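Here are some notes for a reader who is opening this structure for the first time. Please keep the sequence and the model side by side while going through the points.

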Amino acid sequence: MIIKGLPFRYLSHMEFIQFISDLLAITEEAGPAKLHLQKEHSELTFIVDEMNLSFKYWQAMPETKGLQEADKRRIAAYTGIRMNVKSFLFHHDSEMRNAATLLYKNINKYGTRLSLRNYPTKTTNIEAILQDWATKPVLSKAMANLQLAAWHAEMQTANELFKALHIDRVQKIAAKGAVTTKQKREEAVVIYNHMRQLTTAYYTINKSEEELESFVNSWNALISQYKVLITGKIGI
């Protein structure tokens, strides 16, 4: 039995921490020694504890709160634009409907659930929409027809503010020389992948062990649960 894959990049830090914590609980219940995973279980437990402390520390930074508020502002602008454009899809005037169709298609090109994506993806996609509307004549005209210039300006201002705050926060973290949640997460993924490889290899040799099969089934069931979460976020 193969242990399923899981695209960790779509999990937030808290979701990732919870996933690893859930797996550690499953491993603990099955018995790390019986599974020959004592070392991996111990190392992952230690890293998850560190990630929790690191995450809570950086979340408490004043810069983090400012960043979160800026993100809410740009997503509010994005949502406002999207809803405005959507409402014009049913306009009685064909020119207005056509303009809305062009803009709505462009927005959807960069995803339909932007508010649920990570910070870098939000930044990249918002910049792409802003750039398209400002530089592509057919979209610029459509934006003018629907009188969305003010919304466009607000989203651009909010996005630039977010970028500035994000750079400031990153620089302050680097200046402290602190270990970030991201670094610990990368370490955890390495150990997780090794644990997965060991379990797969051990299962291949010992397929008849019911406890091992039960553990692998539980692990795969956990992965399936988080895949549902991911699908709900980004629709893959």
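1. Start at Y192, which is placed in helix α9. The model is a predicted one, and every value below should be read with that in mind. Is Y192 buried or exposed? Its relative accessibility is 2%, so Y192 counts as buried, the cut-off for that class being under 20%.

2. Which residues does Y192 touch, once neighbours within four places in sequence are left aside? The contacts are F8, F19, I20, L23, W219 and I223. Of the residues on this list, F19, I20 and L23 are also part of the contact that α1 makes with α9.

3. That helix pair can be looked at next. Two packed helices are described by the angle between their axes and by the distance between those axes. Helix α1 covers residues 13-30 and helix α9 covers residues 181-205. Their packing angle is about 35 degrees, and the axes are 11 Å apart. The crossing of α1 and α9 is left-handed.

4. On the α1 side, the residues that take part are H13, F16, F19, I20, L23 and T27. On the α9 side they are T181, K182, R185, A188, V189, Y192 and M195. Sorted by class, this contact of α1 with α9 holds eight nonpolar residues, three polar ones and two charged ones.

5. Not counting residues up to four places away in sequence, D132 touches N106, Y110 and L139. How far apart are the C-alpha atoms of Y192 and D132? The separation is 41 Å, for two residues that are 60 apart along the chain.

6. Now the protein as a whole. It has 10 helices and zero strands, so the order of elements from the N terminus is α-α-α-α-α-α-α-α-α-α. The radius of gyration is 23 Å, whereas the globule rule gives 18 Å for 236 residues. The value is well over the rule, and the protein is therefore more spread out than a compact globule. Taken along the principal axes, the C-alpha atoms fill a box of roughly 70 × 45 × 20 Å.

7. Of the 236 residues in the protein, 40% are buried. Among contacts between residues at least 6 apart in sequence, 77% join residues at least 24 apart.

8. Most residues other than glycine have a negative phi. H36 is not a glycine, yet its phi is positive, at about 60 degrees. H36 sits in the loop between α2 (32-35) and α3 (38-59). With a relative accessible area of 47%, H36 is partly exposed.

9. Q147 is another case: its phi is near 55 degrees, a positive value in a residue other than glycine. Where does Q147 lie? Q147 is in the loop between α7 (137-145) and α8 (149-176). Its relative accessibility is 69%, so Q147 counts as exposed, the cut-off being over 50%.

Methods:
Residues are numbered from 1 along each chain as its sequence is written. This is a predicted model: local features need pLDDT of at least 70, side-chain atom pairs count only at pLDDT 80 or more; totals for chains, interfaces and linings use all residues. Side-chain values use heavy atoms; hydrogens and water are left out. Axes are lines fitted to C-alpha atoms, for helices over the stretch in contact, and angles run from 0 to 180 degrees between N-to-C directions. Helices (H or I, at least four residues) and strands (E, at least two) are DSSP runs, numbered from the N terminus. A crossing is left-handed if the near helix is turned anticlockwise from the far one by less than a right angle, and right-handed if clockwise. Contact means heavy atoms within 4.5 Å. Ala, Val, Leu, Ile, Met, Phe, Trp, Tyr, Cys and Pro count as nonpolar, Asp, Glu, Lys and Arg as charged, and the others, Gly among them, as polar. The radius of gyration is taken over C-alpha atoms; the globule rule is 2.2 Å times the number of residues to the power 0.38. Buried means under 20% relative accessible area, exposed over 50%, partly exposed in between (1.4 Å probe, protein chains only).
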